[in-house]
Amino acid sequence: MTDSLILGLSSGSACLATCGMVMFPYLMAGSAGVKRIAIDLSLFMLTRFVIYFIMATLAWYFGQALFSNPVVRNIVPGILYIVFAVLLVWYSIDKNRKKDCPAKIIKTVNNHRLVPILLGIVNSLGFCPALFIILTKSATQGTLIQSYIAFLAFFIGSSVWFLPLPLAGKMRKKEVLQNIGILATGLAGIIFMIKGITNLIGGIING
Amino acid sequence: MKKVKIIAGISWAFLCLILIIILFPGLNSFSVSVSKLPFMKLNPRYTGGEIANQVISKSCTLDIRRPVFNGFLKERNSGFVQLDWHGTIPDMIKDSIDFDHDGNKDFCISINRKDSKTVLNPFNKKVKEVLISTPTSYGWAARVKLVN
Amino acid sequence: MDKVLESAGMKKSFGRSLLYTLPMFLITFMFMTGGKPNFSDPASALAMMTAFLLVNVLYFFMHYTGKTDRYRAVLFIIFALSLSYTLIHNMLEVRKSMSFSQADILECKIPFCHLVIPMMILPAAFTKSIIFPGSIIGGFANISSMVLLWLVATVVLGRGFCSWGCFYGGWDDGFSRIRKKPVIKKISELWRWMPFAVLIMVALTSALALMPTYCSWICPFKAVTEFEQVTSVESATKAGIFLSLFGGLVIALPVMTRKRTQCSFLCPMGAVNTLSNKITPFTLKIDKQACTECLKCVEVCPLYALTPEDVKAGKVSLFCSRCGKCVDACSKRAIHYGIRGIPAGTMKNFSRNLFLFVSFLFMAIFSAGSIISTFQGLFKFIF
């Protein structure tokens, strides 16, 4: 649970750095009142929660089917952790990350009511390395409940960053926080890389 | 205003000078005061928890500590119970432990001090494995993993 | 250059420098000897005298030459080396090994260092306990005295602690001085924020795991102090991380960049001390009228604390550790030690004298024990 929460906390900031500029105008329109912002934000969060719930279920069932052998259960996720962790580190240092925000398709939607839900879908399905890592983790959990817990921790960690969005426009040191968040994402990548290496070595030794 | 700022700055700087000068001679007594602060105690995950029960035999004493499940905000699912043997300990330790005081033995632990080989025989589903078994300055210590 | 310094009043005459050194002389004498010098053991007496002279000669030269960093660095580097020597020596004597055992952890005998403090805060607040297997009071490097020492030092010196009090900083400071010119000249400013990211990560992971994760997994200085016995894949991975970070951030990068890269890009304690830079009365100021914007200060700053924008704005960033390297490099004395509230360009000497006394006194007394013990070992080895 600890590493999922950390992953969510760190990648949430990068997610915000990536998509913040696209999402701001829709979720937090300057003229919007607190009530509308609260409703939109709740819808956005709820959509993410539902999608993560579905993903946790699917990932676990896939994991049961694919990783039945105990050695494969260590080695394959170990390799996946390393690959996705490298991607996560790259993602944090890539200067062009802002161009890749999947949420930009929202710009083509005219129905305002649908926007937070669509943003929630795009945000949670925006397959970033952090999500791949948590999918790998869920797939290798012993029980479905543990898979839900991993996703729940990831959801809580990443959601923390979205909650102050309405106030973000007024923050003076926005860039500083963004920089720290991006670097923290890279560090989370390194943590999972080590975890992957340890899994892999453990798998090879046990094999 | 400018003068007030200058005076305040210089006063603060001199106060800092005094702080540094008195810090080292007073370090021992100030440290004792710091050690009395409410959070200045080691977490049971490090101390091993309070001693809950003592088993005294002819030559040695076994301390059975309270099971530790401490977490950050709430108790964890997994924890441990620490056992400490003091005094003249035999080469082969074998003890049956009732850590939850329900009158039933929860596990039996055997330690060969010569090769540090430790065997755990659990009688309770909550008892999982030996985490640590090591010689210490006072004798021997072992930690056994438990789940809630 | 020397003429500039002299005319500006940085350099002092021999007699005046002696006079300025006198209070340091008396206070360090009291602390090192306890007021009663003991000559019964010649090696100890000689070690004590050497350490005492070293400290006071360095302080004297700071006043006599008007240079700060050159003499600060000597003591700072000796402090780092001697502390590692003392720790390793003790470990080898007591445990016959540089690694600590599970028994040492179980018996809470691990020496505490200030790097643990950022990881202690959340657990102390929420669980009302300390997550470190050390001694709360009594014994070598106990938690209470280290917390107290750091707390006072960080309030008084701010990030100055990183250049005047930290017993690890001398390692990368030393290696950063080996080459005359850097091989790597440009590093993105973004990396300056890395210690904050590390701080957030280690504070959160330590709280959730109730374990000082920086010490267990990251700290490069484990390579020159003590570390966990290698008994498993996990402990081998940890040892690998410690050694690679030490080799990379404390040796290779400082040599190639001439900067203190470990302090600039990793240390979470540096991030905490950066925040306390807001409290300390001692600052560095840029006299905009005297500044020619030659940017020599930016070039020499070992902690990436100065950028061309900072110099143009006449402000020194919060990353500054008051090491004095920029002050020594500035031929116009535009950048100088100052006291909060006093305008830039005024009371330069007063501010410098006061700051030097406070910061050097802290370093001299804090380092005395380990330096004396190192000299003692050295003399015993030689004679």
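Of the 207 residues that make up chain A, 42% count as buried in this predicted model. Chain A holds eight helices and zero strands, and its pattern along the sequence accordingly reads α-α-α-α-α-α-α-α.

Chain A touches chain C through 15 residues from chain C and 15 residues from chain A. On the side of chain C, the elements giving two or more residues to this contact are α10 and α12, the latter spanning residues 233–257. Helix α10 of chain C gives the most, with ten residues. By class, the side of chain C that touches chain A divides into twelve nonpolar residues, two polar residues and one charged residue.

Chain C also meets chain B, in a contact that takes 40 residues from chain C and 39 residues from chain B. Five helices of chain C each supply at least two residues of the side that touches chain B: α5 (102–106), α6 (117–127), α7 (143–157), α10 (194–209) and α18 (348–382). The residues that chain C turns towards chain B comprise 30 nonpolar, seven polar and three charged.

The domain assignment gives domain 1 as residues 1–97 + 349–383, domain 2 as residues 99–280 and domain 3 as residues 281–346. The centres of domain 2 and domain 3 of chain C, taken over C-alpha atoms, are separated by 27 Å. Between these domains, 16 residues of domain 2 of chain C are in contact with twelve residues of domain 3 of chain C. On the domain 2 side, α8 (161–164) and α13 (261–265) of chain C each supply at least two residues. That side of domain 2 has three nonpolar, seven polar and six charged residues.

A pair of helices in chain C may be followed next. The axes of α2 (residues 14–33) and α3 (residues 42–65) of chain C come within 9 Å and cross at roughly 150°. An angle over 145 degrees counts as roughly antiparallel, and therefore α2 of chain C is described as roughly antiparallel to α3 of chain C. The crossing of these helices is right-handed. The residues making the contact include C:F14, C:L18, C:M24, C:F25 and C:F29 of α2 of chain C, together with C:F52, C:V55, C:Y59 and C:F60 of α3 of chain C. By class, the contact has 14 nonpolar residues, six polar residues and no charged residues.

Most residues other than glycine have a negative phi. C:E293, however, has a phi near 55°, a positive value in a residue other than glycine. C:E293 is found in the loop between β3 (282–286) and α15 (296–300) of chain C. With 13 other C-beta atoms within 10 Å, C:E293 is partly exposed. C:R333 likewise has a positive phi, near 55°, and is found in the loop between α17 (325–329) and β4 (335–339) of chain C. C:R333 has 19 C-beta neighbours inside 10 Å and counts as partly exposed, because a residue is buried only if 20 or more other C-beta atoms lie within 10 Å of its own.

Definitions and conventions:
Residues are numbered from 1 along each chain as its sequence is written. Chains are lettered from A and ligands numbered from 1 in the order in which they are written. This is a predicted model: local features need pLDDT of at least 70, side-chain atom pairs count only at pLDDT 80 or more; totals for chains, interfaces and linings use all residues. Helices (H or I, at least four residues) and strands (E, at least two) are DSSP runs, numbered from the N terminus. A residue is buried if 20 or more other C-beta atoms lie within 10 Å of its own, exposed if 12 or fewer, and partly exposed in between; C-beta atoms are placed from the backbone. Axes are lines fitted to C-alpha atoms, for helices over the stretch in contact, and angles run from 0 to 180 degrees between N-to-C directions. Angles under 35 degrees count as roughly parallel, over 145 as roughly antiparallel, 65 to 115 as roughly perpendicular and the rest as oblique. A crossing is left-handed if the near helix is turned anticlockwise from the far one by less than a right angle, and right-handed if clockwise. Two residues are in contact if their C-beta atoms, placed from the backbone, lie within 7 Å. Ala, Val, Leu, Ile, Met, Phe, Trp, Tyr, Cys and Pro count as nonpolar, Asp, Glu, Lys and Arg as charged, and the others, Gly among them, as polar. Domain bounds come from an automatic or database domain assignment.
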